[in-house]
Amino acid sequence: KADDPAHADNTSTLVSSKMEEVVLMPRLSHTITDGVIADWQKNVGDKVKKGDILADIETDKATMELESYKDGILLYQGAKAGEKILVNDLLAIIGAEGTDVDAIVAAAKGGGTAPTTATNEASAPEASTASTTTPETAPVETSSNDGGRIFASPLAKKIAADKGIDLAQVQGSGDNGRIVKADIENFTPQQKAVPAANTATASAPAFVPVAGQESFEDVPVSQMRKIIAKRLAESKFTSPHFYVTMAVDMDAAVAARPKLNSKDGKVKISFNDLVVKAVAIALRQHPDVNSSWLGDIIRINHHIHVGVAVAVPDGLVVPVLKFADNMSLTQISAGVKNFAIKAKDKKLTPAEMEGSTFTISNLGMYGVDQFTGIINPPNACILAVGGISQEPVVKDGQIVVGNVMKLTLSSDHRVVDGAKAAEFLKTLKELLEEPLRLLL
């Protein structure tokens, strides 16, 4: 709103005198419109150095750490811990003592903030995702089983809940024994011995069903879950989905996999890695499947960026293997494993989760034989991969036991017709049934 005549005077004052002191809520990924302040790492009045972490911000995909890009004193916080803040709203003011904070806030709320910040939608570097031992602020008080008080930062409490860690077992390293994020990340659970005499009174689960009594628990919806719900609903109800399923003979892949893996265990190729490689090769031959519906145009992508869905406690993230068709099986294996670790630790950056041209969702490791996926916009297709099961099959006129895997392609009918989907799956089937072709 910097060019709005109604705010011209405020903008001019802000630019000329307070330009370096205003921090706006950055757009940490292309999909977010707001974020939630999980925790402030600095309080109003604290000295701040360039590189210090100001706040932990929960987005639709991860909890990010917002870094300061100047030295000074934190003079103002635009939202409290647990509150939502819109992209480009005033997040913080950093400056010298004696700064007229009220004037800056008034100018910001008047709409003249866009050119005044070192951190905005156009110029903000990605938020740091490295771990930090900076003391966390705004402790949350909770209680232990024995009635004692426990102090923990909101972020530490959230991570502990995600990992199922009892805060009563964690030794806090912050001020006055406060538990901070680093304490949770470094925590190693210990088995507690239950005295024989007290076995009958050992602690019970938090929720014990009682016969004949209704009960429930209301769980707040996280930012990630809200965005997942919104995007998948939009995809399902705006993209005309259709589904094509094909069974793949995985006998050759099952036989080849031990030979692909190194004897020292340093290289371990999974069946999912084989699927990713085969998909990348098949997309070269079927570019229509590697496309997006953009309203007035269909974008046929010449690059192949394969998104691999990874389950996390709050929902689902889709890190992206860029230029997957140029990667070897070993590189794909290493990349997927790295993404899985980073997803679990909430260390994935927005850049690592953007730009996919095709998505793979694999539930085979959970014993699922077959399922359908919802398209991940702006992709035109998503491949649902089931597990490998032993089934009776006919080979050379004889009924034998074979290893069968079922693949289901969900396609946007505005972009991909049934014949094109079938041709893509046929190519994918041929590649997986002759896995040596993946090495060419």
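**Reading the salt bridges**

Asp249, Asp251 and Lys395 are linked in a network of salt bridges. The model is predicted.

Me: What counts as a salt bridge here, and how many salt bridges does a search of the whole structure find?

Reply: The general idea is a distance test: a side-chain nitrogen of Lys or Arg within 4 Å of a carboxyl oxygen of Asp or Glu. Searching the whole structure gives 9 salt bridges.

Me: Which residue does the side chain of Lys395 meet at 3.0 Å, N to O?

Reply: That partner is Asp249. Lys395 belongs to strand E19 (residues 381–395) and Asp249 to strand E11 (residues 241–249), so this pair ties together parts 146 residues apart in sequence.

Me: Which residue pairs with Lys395 at 2.4 Å, N to O?

Reply: Asp251 does, through a salt bridge between the side chains. Asp251 lies in helix H6 (residues 251–260) and Lys395 in strand E19, so the pair ties together parts that are 144 residues apart in sequence.

Me: Where do Arg284 and Asp325 lie, and what links their side chains?

Reply: A salt bridge of 3.6 Å, N to O, links them. Arg284 is in helix H7 (residues 271–285), while Asp325 is in the loop between E17 and H8, so the pair ties together parts 41 residues apart in sequence.

Me: Is Arg284 buried or exposed, or in between, and what about Asp325?

Reply: Apply the cut-offs to each partner separately. Arg284 has 47% relative accessibility, so Arg284 counts as partly exposed. Asp325 has 12%, so Asp325 counts as buried.

Me: Where is Ser328 found, and how does its relative accessible area read?

Reply: Ser328 is in the loop between strand E17 (320–321) and helix H8 (329–344). Its relative accessible area is 32%, so Ser328 is partly exposed.

Me: What separation do the C-alpha atoms of Ser328 and Leu440 have?

Reply: Read sequence separation and spatial distance as two numbers. Ser328 and Leu440 are 112 residues apart along the chain, and their C-alpha atoms are separated by 9.8 Å.

Conventions
Residues are numbered from 1 along each chain as its sequence is written. This is a predicted model: local features need pLDDT of at least 70, side-chain atom pairs count only at pLDDT 80 or more; totals for chains, interfaces and linings use all residues. Side-chain values use heavy atoms; hydrogens and water are left out. Helices (H or I, at least four residues) and strands (E, at least two) are DSSP runs, numbered from the N terminus. Buried means under 20% relative accessible area, exposed over 50%, partly exposed in between (1.4 Å probe, protein chains only).
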